[in-house]
Amino acid sequence: MSAPHPETWLQTRPEGLYCLPGDFFVDPHRPVDRAVVTHGHADHARPNNQAVLATPETLAIMRARYREQAGGSLQPLRYGERERIGEVEVSFAPAGHVLGSAQAVLEWRGSRVVISGDYKRRRDPTCPAFEPVPCDVFVTEATFGLPVFTHPDDGEEIRKLLTSQALFPERTHVVGVYALGKAQRVICRLREEGYDRPLYIHGALQALCDLYQELGVVLGELRPATASSKQEMVGQIVLAPPSAIADRWARRLSDPVVVLASGWMRVRQRAKQRGVELPLVMSDHADWPELTRTLEDVGAPEVWVTHGSEEALVHWANGQGFRARALSLIGRGEEEQEVA
Amino acid sequence: MKDFAALLDALIFTPSRNGKLRHMQAYFATAEDPHRGWGLAGLTGGLDFKSAKPALVRALVEERVDPALFRWSYDFVGDLAETVALIWPARPGANRPPSLDEVVTRLRLAGKSEVPGLLAGWLDALDATGRWALLKLITGGLRVGVSARLAKTALAEFGQVDVAEIEEIWHGLEPPYGPLFDWLEGRGERPEPNESVAFRPMMLANPLEDRDFESLDFAAYLAEWKWDGIRVQLVARNGERRLYSRTGDDIGRAFPDIIEAMDFEAVLDGELLVVRDGQVAPFNDLQQRLGRKTVSAKLLDSNPAHVRLYDMLFEGGEDIRPLRLDERRQRLESWYGAGRPRFDLSPVLSVAGREALAGLRAEARTAGIEGLMLKRADSAYVAGRPKGPWFKWKRDPLTLDVVLMYAQRGHGKRSSFYSDYTFGAWRDSEAGAELVPVGKAYFGFTDEELRQLDKWVRDNTVDRFGPVRAVAPGLVLEVAFDAVHPSTRHKSGLAMRFPRVKRIRWDKPADEADRVETLAALVETA
Ligand SMILES: [Zn+2]
Ligand SMILES: [Zn+2]
């Protein structure tokens with residue numbers, strides 16, 4: 001007897017992607033009895049699920065963000081370990097997106113589906129690299145699913161920031177980064193480029209930076225931006241959530257250079273609209289070459305495409321001989337929409 | 001090409017003048033010859049080579065990219081050059097990006113049919129920013145918010161010389177400006193100006209402040225009207241003719257009627273105007289003639305250009321700038337003689353004293369007059385803006401009470417503030433009174449007032465469109481402006497010249513603000 005087609009055992013429901021023989025959801029959008037969570041971003045990890053299965057790092061992130069509302073029972077599962085839920089074998093493979101991010105690998109009666117969550121393929125000093133897992137159906141994101149998106153080398157982008165700092169030593173560089181992943185990656189990359197001065201951070205980044213350090217990611221000296229005087233921050237680099245960099249919060253800074261680290265910065269008009277003076281093209285999502293290469297690496301005959309520019313990636317994949325279709329999931333892509 | 005591309009990229013995102021200067025200086029200091037000279041030529045509009053039409057660029061990319069993917073991408077990005085720069089597929093092996101010198105020199109020599117091949121080869125070898133810069137160069141118009149003047153200012157700061165010195169020799173120089181950089185870096189002599197048609201940096205006036213008015217020795221000054229046109233310098237030598245703006249930009253191409261009439265040997269200073277039947281037309285009519293590469297016969301006929309002369313710098317080959325103003329004036333008058341088509345003389349006004357002068361200024365309300373100029377009779381013509389010899393004394397501005405309608409985020413230091421304000425005046429419609437936008441202002445207020453305005457905008461927002469907020473009609477601004485003229489581009493049919501916020505009328509109810517008809521009544525008729 002041949003393996004059952006994944007369409008027969010995975011469904012989209014209002015709560016999210018549902019696995020019938022396991023009776024659980026993957027990254028549900030609303031609270032459910034049992035959830036498998038790929039990573040800690042708010043559009044994937046929601047509060048108040050009854051039971052949650054995720055990597056230990058993702059659970060730690062959920063606890064830091066949601067505290068007592070992180071979920072009823074939180075069950076850790078390391079990369080590579082297996083856990084049976086109902087009739088389904090579940091395991092996690094690294095997704096290279098943020099600390100703890102995982103692809104959920106589901107197997108039932110000889111058929112295997114990989115739900116990759118969000119992922120990228122390039123090196124990130126804050127988390128283990130993506131591992132391709134052969135499967136029958138690969139579920140991929142498509143945040144940057146257009147061929148205009150080719151993220152440059154992040155070293156080049158970080159050096160742009162340092163060059164600008166040298167050119168404007170009397171100004172404060174305020175860098176917009178989202179709190180989970182991008183902030184810590186930018187800090188780590190600055191350290192790798194030899195920047196060893198203290199970095200100043202907005203209060204909204206503190207908890208997750210602390211957690212990363214506890215989990216062994218070295219970030220160097222961080223100081224709270226709010227507690228520092230305008231004079232002290234002259235010539236410094238400050239990291240803050242994107243919503244704060246061009247708003248009232250930034251007025252405390254000395255003639256700030258507004259910097260934003262995001263894959264969307266590839267498109268100049270977007271950067272100009274946001275009043276960004278120094279765009280850094282850095283994303284934790286796969287760019288177009290990474291997306292297409294991943295479909296080839298994974299080699300799944302069938303591809304389901306979720307959040308982003310699904311139509312273009314579906315079009316490309318069908319042209320390459322994959323069976324591809326869009327899978328619309330509610331609420332996906334919201335957290336990083338602005339700053340992916 | 002890489003450093004030039006990085007410079008252009010930085011310039012388009014840098015809102016402040018100082019920031020732009022800093023980027024350009026860093027470029028001049030680090031880029032090498034001859035590339036930086038070509039870069040300078042690009043910034044000052046001095047590159048001249050075979051350009052490519054957007055259609056050619058599009059055709060090239062469509063040979064390489066799936067059309068559906070291209071269409072979706074173009075829809076998303078919105079700009080053709082940028083879409084092409086981003087989507088152009090990397091070609092393995094094409095790893096030697098061209099230098100700026102290679103791009104410029106090969107394009108100068110290339111035949112039209114060679115351009116597509118050259119362009120495609122370069123696009124293969126450059127990275128995304130390099131491709132974007134190349135496409136901007138080759139499709140004409142860098143549009144990075146840098147004037148020729150600003151680029152020269154950066155160059156002057158880089159070489160620690162006065163920008164007037166660079167202006168003085170500029171028109172004798174050719175890209176890629178080797179001798180210029182040699183001089184600025186102390187390796188060579190200052191290049192000699194091309195005497196025949198060089199721009200001579202202008203002498204500029206300071207605004208007359210109240211305290212100057214009290215202490216001024218009026219008897220020592222000559223008065224003239226301050227005309228509402230564009231200050232120009234006319235240079236005609238050895239059969240060559242140039243028309244320069246105040247910043248030394250050659251604007252002759254937009255004014256062939258003036259160039260044609262320059263059948264003399266002199267350097268003159270005057271005001272460019274549109275004059276019909278002896279009457280100065282509104283500034284807007286002159287505006288339509290500006291910035292054009294060619295002018296239609298129709299426009300030449302409907303908006304005829306004219307220069308009202310007020311000073312003479314050279315007569316023939318003789319430099320008379322060291323002479324006193326009243327002596328130069330005499331030379332100008334005897335040279336002018338009985339008259340010359342397209343030119344007339346700006347009259348010297350006779351004034352009995354301080355009161356008479358103030359009265360004259362108050363009357364200066366006919367079209368084309370902005371106020372008075374006061375120039376010391378004994379002043380030599382010197383470059384720059386020396387304090388004392390020349391004053392401009394603008395008439396009091398017009399004012400109107402208007403209602404704030406929209407606010408937009410500013411740039412640079414002001415990017416966290418809603419600092420650009422669109423305001424309206426009332427008019428009757430079938431549905432009752434409605435506000436119609438009549439202008440836009442983004443200065444005139446203090447930092448503290450900006451904070452208050454910003455807060456008011458945030459508290460009274462009724463709608464948002466990207467960086468713009470629409471606000472409830474509740475705040476009255478007193479705006480000042482120099483003039484108002486009819487305009488088909490504005491919904492109200494009127495456009496203000498130089499509007500600024502004079503006062504915030506926190507006290508005034510919005511329904512007591514002014515009406516569009518009040519503004520219309522201020523339109524000046526000749
Ligand atoms: Zn994510
Ligand atoms: Zn996501």
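Here is a short walk through a sheet in chain A and a surface patch in chain B of this predicted model.

Let us begin with the sheet. In chain A, seven strands line up in the order β7-β8-β9-β10-β11-β18-β19, and together they form an open sheet with mixed pairing. Strands of a sheet pair through backbone hydrogen bonds, either parallel or antiparallel. Which strands stand at the edges of this sheet? They are β7 (82–85) and β19 (323–326) of chain A; each has a single partner strand, so one side of each is left without a neighbour in the sheet. If you look from strand to strand, neighbours are turned against each other by 25° on average, direction ignored.

Strand β18 (residues 302–308) of chain A pairs with β19(A) in the parallel sense, over four bridges. To find one residue pair here, look for A:V303, whose bridge partner in β19(A) is A:A324.

Two helices of chain A come next. Helix α7 (residues 288–298) packs on the sheet and touches β11 (137–142) and β18 of chain A; the direction of α7 makes about 170° with that of β11(A). Helix α8 (residues 310–319) of chain A also packs on the sheet, touching β11, β18 and β19 of chain A. The direction of α8 makes about 170° with that of β19(A).

Finally, turn to chain B. There, B:Y442, B:F443 and B:F498 make a nonpolar surface patch of about 310 Å². Where does B:F443 lie? Look in the loop between β14 (432–441) and α19 (447–459) of chain B. B:F443 has a relative accessible area of 34%, and patch residues need over 30%, so B:F443, though just partly exposed, passes that cut-off.

Technical notes. Residues numbered from 1 in each chain as written. Chains lettered and ligands numbered in written order. Predicted model: local features only at pLDDT ≥ 70, side-chain atom pairs only at ≥ 80, totals over all residues. Heavy atoms only, no water. Patch = residues over 30% accessible without salt bridge, like charges linked within 9 Å, V, L, I, M, F, W, Y side chains within 5 Å. Areas by Shrake-Rupley, 256 points an atom, 1.4 Å probe, with all protein chains shown as cover. Salt bridge = Lys/Arg side-chain N within 4 Å of Asp/Glu carboxyl O. Buried < 20%, exposed > 50% of the residue type's maximum accessible area, 1.4 Å probe, protein only. Pairing = 2+ DSSP bridges. Axes fitted to C-alpha atoms, helices over the stretch in contact; angles between N-to-C directions. Contact = heavy atoms within 4.5 Å.
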